[in-house]
Every structure is written in structure tokens, then in C-alpha cells.
Amino acid sequence: MIAAASPSERAVPAALGAELSQLARQILGPGPAAAEACAEALAGPVGNRLEGIARTAAECRRRDGTGVVLELPVGGTLAETLLAELELAHAALAPRHREALALAGLCGLSHAEIGEVMGLDTAAVALLLARARLALREELRGAPEATRPDCGVRERALRVLSRRQDGEPVGREDTTWLGEHLATCRGCARDHGAVLEAALRYRGWVRP
């Protein structure tokens, strides 16, 4: 006779299903496409949480032409307006940016795990997350980033900023270099503030 599953054992698939459903909605927006992506990912046996996340992300990529259509509601409280503005800004991002932000800010994956899901190395993940956060802040401000001369090491700075923001290991050499660079480069110093602001707003949105 097969023993009945304990409440804790039954809660694991339910919790995973809820997480994957939210992940799909973050990438595809509310609507049938997100529900279909989640259902398809859960149709077969899921070995572990990361596998479930990877399947859901892959299904969302298959539907990335769906688009996210939202409208700013009329009236409401200040808090509701700010939330709606964040949702609109997020919806305007490229699907790849929404996916990276969800994997980091919603699912709490490490850069190595995000790389496994998205097929990227960790350096590319760090840069993608930085660019996604910069894009989110740009959408929130409603104006494109002012054109500025490239300092020549901006990508390195963005990668280190992402690793620091997400609690990834950062060597002493990179830490020292970044501090010295931010003290002399106004553009990268602005990026620092923008990446931090966007990351905090995103996490406050998905993890109230």
C-alpha cells in the first residue's frame, strides 16, 4: 500500500506551481499566454525547482511575441498610481530583460543559476541584469538616458555593480577598482545610482 503524502510533501508542488505562475506573469504579463506557459512547463515531471523555472522560462520565450499591454488607471491613491507606473515601465521592457529581472528579483537565483536557465555565462548575466535595471529606470523616468561619452570601461563597471547588488562574490581587486573609478567617472556613478534604484523598486514590487 502506498502511503499518503504528508501535508508538507503536498505543499511543495503547490508552492512551485504558484512560483512558476508568477514567473510567467512577470515575463509575459497577465493573460492566457502566461497561464499556458506555466501549464506547459508543469505538464511533465519536474525534477527540481531550477528545472521548473528553466522550463517555464523556455515556454515564455516561445511566446515572447505576445507582448504585454497595460493601461494606467484613472484616479486611485498615490500608492496605486506608483504601482501602476512601475507595471507599465516593466511591461515596456524587452522580454529578455523581463526574464532576467524575474529570475533575479522574483526567484532569487544566483548569477550562475540564471546563466543556466538563460544559456549565458555569469559575466553576460551580470551585464544583462545591469542593462535591464537601467532600462527599467529609464522607463520609470519617462525619458531616454542622456547621451554621454563612453568611459571605455563601462561594461566592466556594470558587471561589478550587478554582482555587488545581487550579493555575488566580488574580488578585492574589482572592489578597489570600482571605488576608484566611480570617484572619477560621473557616468558610471549615475549608473550606480540607477541600478540600485531600479533593483530596490523591482524587489519591493514582487516581494511586498
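This is a short tour of a predicted model, one selection at a time.

**The whole chain**

Read from the N terminus, the order of elements is α-α-α-α-α-α-α-α-α-α. Of the 208 residues in the chain, 41% are buried. Now consider contacts between residues at least 6 apart in sequence: 68% of these join residues at least 24 apart.

**Helix α1 and glutamate 19**

Select residues 7-28, which form helix α1, and pick out glutamate 19 within that helix. Is glutamate 19 buried or exposed? Its relative accessible area is 18%, so glutamate 19 is buried. The cut-off used here is under 20%. Show the side chains around it. Apart from neighbours within four places in sequence, glutamate 19 touches Arg49, Ile53 and Cys107.

**The cysteines**

A disulfide is a covalent bond between the sulfur atoms of two cysteines. How many disulfides does the structure hold? The count is 0. For cysteine 38, the closest cysteine sulfur belongs to cysteine 60 and lies 8.5 Å away, which is too far for a bond. The limit for a disulfide is 2.5 Å between the sulfur atoms.

**Helix α4**

Select residues 78-91, helix α4, which has 14 residues. At 1.5 Å a residue this helix should span 20 Å, and the C-alpha atoms at its ends are 20 Å apart, so the two values agree. Colour the buried residues of α4: Ala84, Leu86, Ala89, His90 and Ala91. When looking along any such helix, keep one rule in mind. An α-helix has 3.6 residues a turn, so residues three or four places apart point the same way.

**Leucine 93, in a loop**

Go on to the loop between α4 and α5 (95-106), where leucine 93 sits. This leucine 93 is buried, with a relative accessible area of 6%. Which residues does leucine 93 contact, leaving aside neighbours within four places in sequence? They are Arg98, Leu101, Ala132, Ala135, Leu136 and Glu139. Isoleucine 27 and leucine 93 are 66 residues apart along the chain, while their C-alpha atoms are separated by 9.6 Å.

**Helices α6 and α7**

Select residues 111-118 for α6 and residues 122-141 for α7. Two packed helices are described by the angle between their axes and the distance between the axes. Here the angle is about 95 degrees and the axes are 9 Å apart. The two helices α6 and α7 are therefore roughly perpendicular to each other. Show the side chains where they meet. From α6 these are His111, Ala112, Ile114, Gly115 and Met118, and from α7 they are Thr122, Val125, Ala126, Leu128 and Leu129. Sorted by class, this contact of α6 with α7 contains 7 nonpolar, 3 polar and no charged residues.

**Leucine 127**

Stay in helix α7 and select leucine 127. Its relative accessibility is 14%, so leucine 127 counts as buried. Setting aside neighbours within four places in sequence, leucine 127 is in contact with Glu155, Leu158 and Arg159. To end the tour, draw a distance from leucine 127 to arginine 159. The C-alpha atoms are 5.0 Å apart, although 32 residues separate the two in sequence.

Conventions: Residues numbered from 1 in each chain as written. Predicted model: local features only at pLDDT ≥ 70, side-chain atom pairs only at ≥ 80, totals over all residues. Heavy atoms only, no water. Axes fitted to C-alpha atoms, helices over the stretch in contact; angles between N-to-C directions. Helix = DSSP H or I, 4+ residues; strand = E, 2+ residues; numbered from the N terminus. Parallel < 35°, antiparallel > 145°, perpendicular 65-115°, else oblique. Contact = heavy atoms within 4.5 Å. Nonpolar A, V, L, I, M, F, W, Y, C, P; charged D, E, K, R; others polar. Buried < 20%, exposed > 50% of the residue type's maximum accessible area, 1.4 Å probe, protein only. Expected span 1.5 Å × (residues − 1).
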